[in-house]
Amino acid sequence: MAQPAPPLIAYTTVTPAVPEWLNKGDNAWQLTAATLVGLQSMPGLVVIYASIVKKKWAVNSAFMALYAFAAVLICWVLFAYRMAFGDELLPFWGKGAPALGQKYLISRAKIPESNVQPFYPMASLVYFQFTFAAITLILLAGSVLGRMNIKAWMAFVPLWLVFSYTVGAFSLWGGGFLYHWGVIDYSGGYVIHLASGISGFTAAYWVGPRLKSDRERFPPNNVLLMLVGAGLLWMGWSGFNGGAPYAANISASVAVLNTNICAATSLLVWTTLDVIFFGKPSVIGAVQGMMTGLACITPGAGLVQSWAAIVMGILSGSVPWVSMMVLHKKSTLLQKVDDALAVFHTHAVAGLLGGLLTGLFAEPELCRLILPVSSSRGAFYGGTGGLQFVKQLVAALFVIGWNLVSTTLILLAIRVFIPLRMPDNELMIGDDAVHGEEAYALWGDGEKYDPTRHSGWNNNNAMSSSAAPYGEELIAPSPYINGARGVTINL
């Protein structure tokens, strides 16, 4: 006898409640953009720093970036986020408070001192803005690689985040006085690049120089690995500038396209100048040209036309090149201060250039898509455009002045308790003395350099045919790093 069929059970699909204000597309893009920016630091700049420095400093340089990324995140959610994007305390500073409460993080994102209210939760905005703060500290670190006391760096990171970064972020993005005045900084030309370049240069002055032997000869230990980091940096910039409008909108699309156009143009111009004046293209020079292009387009990425992005790329590939190759040699101050990775040239000069060019090329229709510059226009478009250029200049002077003074005071306070520079015996040894670890232990001490091990270099440090045409090898000295910056060129 057949058994009766089991009774049918009705299952009800429960769909989680979605608030009316949530736009899933905007939220997905914002989290994606935040992840792209995070990858620029981890592992992007970690890899670049580990590979572009002398072999004995690979671990220390990578660790400085790794530590900064982690330390900034914890300080950010404990108090710094709301100093940059919270309620006003001063016209240039917000009231610090935690960004950790569940009720706060699942509510609709809002920057209270501005009219910005994206269609996703606060948690997305807090994390997105963290990645910007983290990369700023990591860029700054490039100026003091190879000699800053790691304990001093560990103290410097949270102090600089609080007393420098949050001021620029609140003033220009969080509803501070520069925001309401209508200064344009689309995605961080001033808040990030100008600030990190000026602060890095200032920090390099107070920390002091590397050992004389390191300044004279500081070869990258792995050029190909450096290119991997550079690729992550370039591709991650689509999130850097594409996430700036806080929505998956038209402005984000324009910003992503312009970002890549400017970077490519700048790289090609920088490389062309290298060929003209040095006789061969440099891979390291190309990466520097890429960086200056990315930094230059950032303050106006979604607000300039694409032809203007090409113009900005031409200038970002040439003006910082001249400042690095020509003016560096002629300036006593620039030669005295040991800015290890030339952050002043690649970020401060490029960021300032981009901010001023945005004051010229900001297109009125594109400006109407973004608050608070909806009624703005660049000087190129007439009307009130001349005033916009003045605003850009004044804001740049404020960022330069604040970062110079705040960085100086922070480092002077730290050195009361912790030496800013490592002792010479640690500087001679490098990673093994500072961390008890080496990047390439099997290769031995990087200071025990045997030129016969590198087929492209003879005993006179002259390039042989095996290193042609670039003068750069996978594991070898780079004449570009050692000799090109600060070369006398008669233009």
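Predicted model: local features only at pLDDT ≥ 70, side-chain atom pairs only at ≥ 80, totals over all residues.
Leaving aside neighbours within four places in sequence, which residues is Phe156 in contact with? The tour returns to this residue after a view of the whole chain.

**Whole chain.** The protein chain holds 20 helices and two strands. Of its 491 residues, 56% are buried. Among contacts between residues at least 6 apart in sequence, 76% join residues at least 24 apart.

**Phe156 and its surroundings.** Select Phe156 next, and show the residues in contact with it. Beyond its neighbours within four places in sequence, Phe156 contacts Leu137, Leu140 and Met148, together with Thr407, Ile410, Leu411 and Ile414. Phe156 falls within the residue range of helix α5, 150–172, while Thr407, Ile410, Leu411 and Ile414 fall within that of helix α17, 385–414.

**Helices α5 and α7.** Select residues 150–172 for α5 and residues 189–207 for α7. The two helices pack at an angle of about 145°, and their axes lie 10 Å apart. The crossing is right-handed. On the α5 side, show Trp160, Ser164, Tyr165, Gly168, Ala169 and Leu172; on the α7 side, they meet Tyr190, Val191, Ile192, Ala195 and Ser199. Classified by residue type, this contact contains eight nonpolar and three polar residues, with no charged ones.

**Helices α15 and α17.** Finally, select residues 343–361 for α15 and residues 385–414 for α17. Their axes come within 7 Å and cross at roughly 160°. The two helices are therefore roughly antiparallel. This crossing, too, is right-handed. In α15, highlight Leu352, Gly355, Leu356, Thr358, Gly359 and Leu360, which meet Gly385, Gln388, Phe389, Gln392, Leu393 and Ala396 in α17. The contact divides into six nonpolar and six polar residues, and no charged residue takes part.

Conventions. Residues numbered from 1 in each chain as written. Heavy atoms only, no water. Axes fitted to C-alpha atoms, helices over the stretch in contact; angles between N-to-C directions. Helix = DSSP H or I, 4+ residues; strand = E, 2+ residues; numbered from the N terminus. Left-handed = near helix turned anticlockwise from the far one by under 90°. Contact = heavy atoms within 4.5 Å. Nonpolar A, V, L, I, M, F, W, Y, C, P; charged D, E, K, R; others polar. Parallel < 35°, antiparallel > 145°, perpendicular 65-115°, else oblique. Buried < 20%, exposed > 50% of the residue type's maximum accessible area, 1.4 Å probe, protein only.
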